Amino acid sequence: MTLTNIRTAAASSLAAAGLLFSLAACSAPAAEQPAASAPATTAAASSAAASENCDGVQVIVDSGALKQDAANTSTCVDVTEPTVASEILDEADIKTEGTAKYPTSFACRVNGVPAEDFDIKHKGGTLREACDDKNTVSYWALWVKPAAGTWGYAQEGLDSLKLNPGESLELLYTVDGEPAAPKA
């Protein structure tokens, strides 16, 4: 099953998720995101770093709509042959936590973001990421950019997507479809 099919199926359960979101809006106020060491770069700098020459795979984490700088980073991972995205993230020291149903394909949390007790504001109110595959409003989107191309939504998960030297990989947190794609 492709990520597109999985996301389409998840979107069809939006009505059931509406109840979850309503309940989340009634929950206690969120605690602050846990303190983390200073990020390697900010999201704005990540975009600039992505345009730098990288002979391996350029990896970018952009907390996007969450605006959680603790997650943001950009680094070049030295690879010389097609390499699975999860291995590239491991090499970049980027920690991901999967969802209950797809523990190795999707990223529910990246470097601890969003924290379990962090309120994610969206058009319908607020929710907290439970990593239970019910959240269809916000998620870490996986994007790939060929060496001489434009960003495209990944059609495979972290555990099967292979990247070639010269390509870029971005994990971009999206809420209510925004941001719709990585920065150029």
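Tutor: We begin with a term: buried means under 20% relative accessible area, exposed means over 50%, and partly exposed lies in between, with a 1.4 Å probe and protein chains only. By this rule Trp 143 is buried, with a relative accessible area of 10%. This is a predicted model, in which local features need pLDDT of at least 70, side-chain atom pairs count only at pLDDT 80 or more, and totals for chains, interfaces and linings use all residues. Residues are numbered from 1 along each chain as its sequence is written, and side-chain values use heavy atoms, with hydrogens and water left out.

Student: How many aromatic pairs does a search of the whole structure find?

Tutor: In general, a pair of aromatic rings is described by the distance of the centres and the angle of the planes. Rings of Phe, Tyr and Trp (its six-membered ring) pair if their centres lie within 6.5 Å; planes under 30 degrees apart count as stacked, over 60 as edge-to-face and the rest as tilted. The search here finds three such pairs. In one of them, Tyr 102 and Phe 106 have ring centres 5.1 Å apart and planes at 75°, so the pair is edge-to-face. Phe 106 counts as buried, at 9% relative accessibility.

Student: Why is the pair of Trp 143 and Tyr 153 edge-to-face?

Tutor: The planes of Trp 143 and Tyr 153 stand at 90°, with the ring centres 5.3 Å apart, so the pair is edge-to-face. This pair links distant parts of the chain, 10 residues apart: Trp 143 is in strand 8 (residues 138–145) and Tyr 153 in strand 9 (residues 152–153). Strands (E, at least two residues) and helices (H or I, at least four) are DSSP runs, numbered from the N terminus. Tyr 153 counts as partly exposed, at 23% relative accessibility.

Student: Which peptide bond to Pro 114 is cis?

Tutor: Most residues other than glycine have a negative phi, and most peptide bonds are trans. The bond from Val 113 to Pro 114 is cis, with omega near -5°. Pro 114 lies in the loop between strand 5 (109–110) and strand 6 (120–122). The bond from Glu 178 to Pro 179 is also cis, with omega near -10°, and Pro 179 is in the segment after strand 11 (168–175).

Student: Where does Asn 111 lie?

Tutor: Asn 111 lies in the loop between strand 5 and strand 6. Asn 111 is not a glycine, yet has a positive phi of about 50°. Its relative accessible area is 27%, so Asn 111 is partly exposed.

Student: What is phi of Asp 176 near?

Tutor: Phi of Asp 176 is near 50°, a positive value in a residue other than glycine. Asp 176 is in the segment after strand 11 and counts as partly exposed at 25% relative accessibility.
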